[in-house]
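The sequence and the structure are shown first.

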Amino acid sequence: MASRTPSPTADRAARTSASARAAGEKPRRRLSVDERREQLIAVALELFSRRPPEEVSIDDIAAAAGASRPLVYHYFPGKQALYEESLRRAGQELSARFEEPMAGPLSERLHRVMGRYLDFVQSHGPGFAALLRGGSVAASAGTSAVIDEVRRAAQEQILAHLAIPAPSVGLRLTVRAWIANAEITSLEWLADRSVPLEELQLHLVQEFVAALTLTAAREPALAAELASFFAAERPDGPTGRLVRDLAGLFAVPGIVEAVTALAAGAPEAGVPDDGVPEAGTADGSAAEVSTAEADTVEVGTAAE
C-alpha cells in the first residue's frame, strides 16, 4: 500500500494545533457575523475615545481587532459608518447614565447623575471633545443627530424628576441651557483639569438649583412648586450647601444694604430719592401750578 504524505498546509496546521495543546491554549473560536460586528464597534469606540476620529484609520481598527482591512470593509463601508455606529452606542450609554430612581432630594439625585456623566466624559475625552466642539472632520448629520438625541434624553429625564405636570417654555429653556453649560464646562475641564472632578460635579448641580430658582422667580406656578422642592432638601446636600454659601454673602459689609436698596425698587417719577414728595402735592405737579399762579399775580400787579 502506498504511503500518503501530508501536505505542507496540513502539516503546519497539525504543528500549530500540537503547540497550542502543549501550551495549554484553547483553540480560537470563529466569531459569528454578529459577534465580529460587535467586536469591531467596541474596538473602534475604544480608539475613538482615546484619540480624535480623524487620527484613527481603518488599519488602526483592523489591527486592534486582530482582523484584516478587507474584513473591516466587509462589515462597514468605511470609517465614517463605523464611527457613527460606535458613537450611537456611546450615546445610548450616556443617555442611560441620566436615568436615576425618583427617590430622595432632587439635588442629590442630580448629583449622582452628574457623577456618572463626568465619569463618561473623562473616559471618552478626546473623541467626544472634538465632536462637541465642532472641530471634527468626522462630524456629520448622523453624528449631530446622535448628540441631539442624548441632549433630548437628558432634558426629558431632568424634567421628569422635577415632576411638573406641564413644564413651561421657560422651564424647558432653563433645563436645555443648563445641559449646554454642563457640556461646555466639562469640556473645558478636560482641557486643563484645574479643579477636582468632585468639585466640578457639585458646582454643576448648584448652578442648576440657582437657574431653577431664578426661573421660579419669573413664573408664579413654578414658584409654588419650589417650596416643596426646598422642603425635601437636606442641610448637607448640594442645595443646603448652596444656601449657606449665599447666606454667607450677607456678612460681607455693604451687601445687605445694596441688596435691600435693589429690592425696594426705583423711586416713582416726581418723588425724590428720600421718598418725600415735593411740598404741596402728592406727585409734585401742584408745586408747578403754584409757581405759575405766583408769576401771574406778579404780572397783574405790575400792570396796575
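Is Arg193 buried, partly exposed or exposed?

## Basis of the report

The model is predicted; local features need pLDDT of at least 70, side-chain atom pairs count only at pLDDT 80 or more, and totals for chains, interfaces and linings use all residues. Residues are numbered from 1 along each chain as its sequence is written, and side-chain values use heavy atoms, with hydrogens and water left out.

## Two loop residues

Arg193 is partly exposed, with a relative accessible area of 42%. Under the scheme used here, buried means under 20% relative accessible area, exposed over 50%, and partly exposed in between (1.4 Å probe, protein chains only). Arg193 is placed in the loop between H9 and H10, and its phi is near 50 degrees, a positive value in a residue other than glycine. Helices are DSSP runs of H or I with at least four residues, numbered from the N terminus.

Ala163 belongs to the loop between H8 and H9. Its phi, near 55 degrees, is likewise positive in a residue other than glycine. Ala163 counts as exposed because its relative accessibility is 55%.

## Nonpolar cores

A nonpolar core is a set of buried Ala, Val, Leu, Ile, Met, Phe, Trp, Tyr and Cys residues joined through side-chain atoms within 4.5 Å. The largest has 39 residues, and those touching the most other members include Trp178, Phe208 and Leu212. Among the helices that each supply at least two residues of this core are H5 (79–96), H8 (141–162) and H10 (197–218). A second, separate core of 17 residues includes Val43, Leu47, Phe48 and Tyr75.

Beyond its neighbours within four places in sequence, Leu212 is in contact with Leu162, Leu171, Thr174, Leu222, Leu226 and Phe229; contact means heavy atoms within 4.5 Å.
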